[in-house]
Amino acid sequence: MPKTRNSQAQPGAAAASRGQGSFAVAIMAAGKGTRLKSRYPKVLHHVGGKSLLAHVVAAATRVCPAQDVYAIVGHDAERVKEAMAGSGIGFILQKEQRGTGHAVMVGEDILKQYEHVLVLTGDAPLISPLTIEKLRDFHLQQGAAMTLLSAVLERPYGYGRIIFRGKEREVESIVEEKSLSESQRGLKEINAGFYAFATKPLFENIHDLGTENKHHEYYLTDLAAILAKAGEKVVALQAAEPHEVLGCNTRRELAEVDAELRTKKCLQLMEDGATIYLPQTCVIDCEVTVGPDTVIEPFVHLLGATHIGSECRIRSFSVIINCEIGDGVLIRNGCVMDESRIGARAMLGPYTHLRAGCDIAEGAHMGNFVEGKKLKLGKGSKAQHLSYLGDAEVGESVNVGAGTITCNYDGFGKYPTVIGDGAFIGSDATLVAPVKVGKGAYVGAASCIIEDVPQDALAIGRGRQVNKEGWARQKREARAAGKKS
Ligand code: UD1
Ligand code: CA
């Protein structure tokens with residue numbers, strides 16, 4: 001007896017009449033994706049900054065609790081499971097991938113504990129929770145054994161086509177692209193790859209599927225004809241938004257769907273009050289949020305879980321990945337920022353590079369060609385020019401002079417540099433970690449600091465200057481005399 005994962009799925013509940021029973025969701029995600037010619041499974045390819053499967057799981061879990069959602073995995077199953085860890089969904093293993101019908105067959109033990117199952121294709125990431133809900137509700141209202149989502153597409157090539165019968169538009173069969181007759185080729189109503197089944201007729205009939213087709217696979221789509229012939233009700237719900245069902249089978253389709261998601265994202269952000277100049281040049285992932293009155297200039301990339309406050313300005317050619325940015329922040333041109341936090345009204349760039357783990361406090365400034373790694377830069381502190389600050393904790397109101405370098409690595413380990421509030425680091429200082437500069441201390445320009453500097457002290461660590469009076473003039477005169485002779 002497989003473990004029951006839904007209280008509604010207890011044997012007693014399964015006896016409830018159609019129309020008000022329990023639902024599972026099974027997402028077919030076991031295929032290899034041969035047409036992508038990739039080392040990685042198809043459903044882990046990204047559009048809009050998220051894997052195909054993550055999009056479908058996100059939509060599914062808005063309709064059904066995650067504990068009733070299962071991904072059917074097979075090709076590179078471990079990698080797919082790892083990518084979905086934390087989503088709370090369950091997994092069903094399809095060891096050999098013998099077709100979409102076979103994918104559902106291997107889930108029988110788990111799925112038949114539910115009265116109904118929504119079977120979703122894992123490679124159509126634009127599907128919305130609303131459409132899944134409509135499919136579920138239509139299925140229940142029709143009391144059908146199988147309800148499929150259809151769509152009328154201008155370019156139906158590659159999709160299964162639906163053959164209807166009678167005025168009631170009951171479904172007679174689904175014909176795959178490769179099996180279409182000449183007269184069927186013009187049909188534009190396609191099978192979207194999203195289905196609702198009553199599990200009883202589903203599993204009573206699924207073993208009648210055969211493999212007499214071009215790919216020698218068990219096609220889930222053949223169930224339409226099998227169920228219809230057995231006198232069961234098979235109906236189709238036409239999708240109100242046909243683009244939602246677009247599948248990603250090729251790199252070209254991935255690019256098209258990616259573009260669509262990103263356009264939609266920009267429109268949403270603008271709707272929410274952000275200004276985006278030339279949005280078609282920006283690359284903005286689905287999870288990104290941007291506050292009102294923030295201005296995003298052309299050619300900006302905002303990726304991953306990046307959250308930007310209000311009234312910021314993000315200038316052109318900046319790439320920002322998984323960052324938290326407060327209100328009123330100015331990011332000048334060409335900054336690259338990864339996994340960092342930027343406090344309100346800070347100013348960065350042009351060409352600041354923040355590697356993972358930086359925390360730039362309110363009102364701090366970082367300028368051109370300043371690189372930070374695990375850098376804590378305190379409130380109002382400034383590092384304006386040509387510096388490397390790695391594993392450094394810099395207090396408040398510190399001035400880090402041009403060309404300052406923290407030597408955080410000795411070839412074996414990484415060591416911290418700590419600079420106290422109000423300290424002044426002269427230009428071209430070299431701070432050899434581990435080292436501390438006390439509060440309010442001064443470090444002379446071009447110093448190599450290898451020992452801690454006490455609070456309020458001046459540290460100078462450089463060669464003393466020697467002036468040789470008249471040396472340059474004598475040199476010039478000697479050269480001039482040599483040339484004459
Ligand atoms: C399928 C439908 C087609 C429909 C289209 C909609 C079949 C036979 N055809 O075609 O009618 O128009 O989707 O997008 O179903 N998968 C498994 N295990 C397998 C094989 C596939 O889990 O053994 C998964 C894939 O990972 C994928 C999904 O099922 O996410 C669909 O498979 P795919 O090969 O893309 O089917 P299509 O040829 O697009
Ligand atoms: Ca497909």
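1. Ligand 1, polar contacts. In this predicted model, a polar side-chain atom of Q94 sits 2.7 Å from a nitrogen atom of ligand 1. The side chain of E176 places an N or O atom 2.7 Å from an oxygen atom of the ligand. The backbone contributes too: a polar backbone atom of G160 is 2.9 Å from an oxygen atom of ligand 1. Taken alone, the ligand exposes 760 Å², and the protein buries 90% of that.

2. Ligand 1, surroundings. How many residues surround ligand 1? There are 24, and the closest are Q94, G99, T100, E176 and N191.

3. Calcium site. Ligand 2 is a calcium ion. D123 (OD) and N249 (OD1) coordinate it, at 2.3 to 2.4 Å. The two residues come from distant parts of the chain, 126 residues apart. D123 belongs to the loop between β6 (116–121) and α6 (129–142). N249 belongs to the loop between β11 (234–238) and α9 (251–271). Both D123 and N249 are buried.

4. Helix α3. This helix spans residues 77–84, and its buried residues are A77, V80 and M84. Seen down the axis of α3, they fall within an arc of 65°, so they line one face of the helix. E78 and E82 are exposed on the other side. What do the buried residues of α3 pack against? Their partners are β3 (50–51), α2 (52–60), β4 (69–73) and β5 (90–93). Just after the helix, G86 takes a positive phi of about 95°.

5. T406. This residue lies in strand β32 (residues 405–407). Is T406 buried or exposed? Its relative accessible area is 1%, under the 20% cut-off, so T406 counts as buried. A polar atom of its side chain is 2.8 Å from the backbone nitrogen of G390.

6. G401. Look next at the loop between β31 (399–400) and β32, where G401 lies. G401 has 6% relative accessibility, and because the limit for buried is 20%, it is classed as buried. Not counting residues up to four places away in sequence, G401 touches H385, S387, I425, G426 and S427. G401 and G444 are 43 residues apart in sequence; C-alpha to C-alpha, they are 9.9 Å apart in space.

7. Cis peptide bonds. The bond from G349 to P350 is cis, with omega near 0°. P350 is in the loop between β24 (347–348) and β25 (353–354). The bond from A433 to P434 is also cis, again with omega near 0°. Here the proline, P434, lies in the loop between β35 (430–432) and β36 (435–437).

8. L278 has a phi near 45°, a positive value in a residue other than glycine. L278 sits in the loop between β12 (275–276) and β13 (283–284). With a relative accessible area of 45%, L278 is partly exposed. A446 is not a glycine either, yet has a positive phi of about 60°. Where is A446 found? Its place is the loop between β37 (442–443) and β38 (448–449). A446 is partly exposed, at 37% relative accessibility.

How values were computed: Residues are numbered from 1 along each chain as its sequence is written. Chains are lettered from A and ligands numbered from 1 in the order in which they are written. This is a predicted model: local features need pLDDT of at least 70, side-chain atom pairs count only at pLDDT 80 or more; totals for chains, interfaces and linings use all residues. Side-chain values use heavy atoms; hydrogens and water are left out. Buried means under 20% relative accessible area, exposed over 50%, partly exposed in between (1.4 Å probe, protein chains only). Helices (H or I, at least four residues) and strands (E, at least two) are DSSP runs, numbered from the N terminus. The arc is that of the directions from the helix axis to the C-beta atoms. Contact means heavy atoms within 4.5 Å. Donors are N, O and S atoms within 2.8 Å of the metal (3.2 Å for Na, K and Ca); water is not among the atoms, so sites may look incomplete. A residue is near a molecule or strand if one of its heavy atoms lies within 4 Å of it. A polar contact is a pair of N or O atoms within 3.5 Å; within protein, one must be able to donate a hydrogen and the other to accept it, and residues adjacent in sequence count only if both atoms are side-chain atoms. Accessible areas come from the Shrake-Rupley method with a 1.4 Å probe; for residues, only the protein chains shown count as cover.
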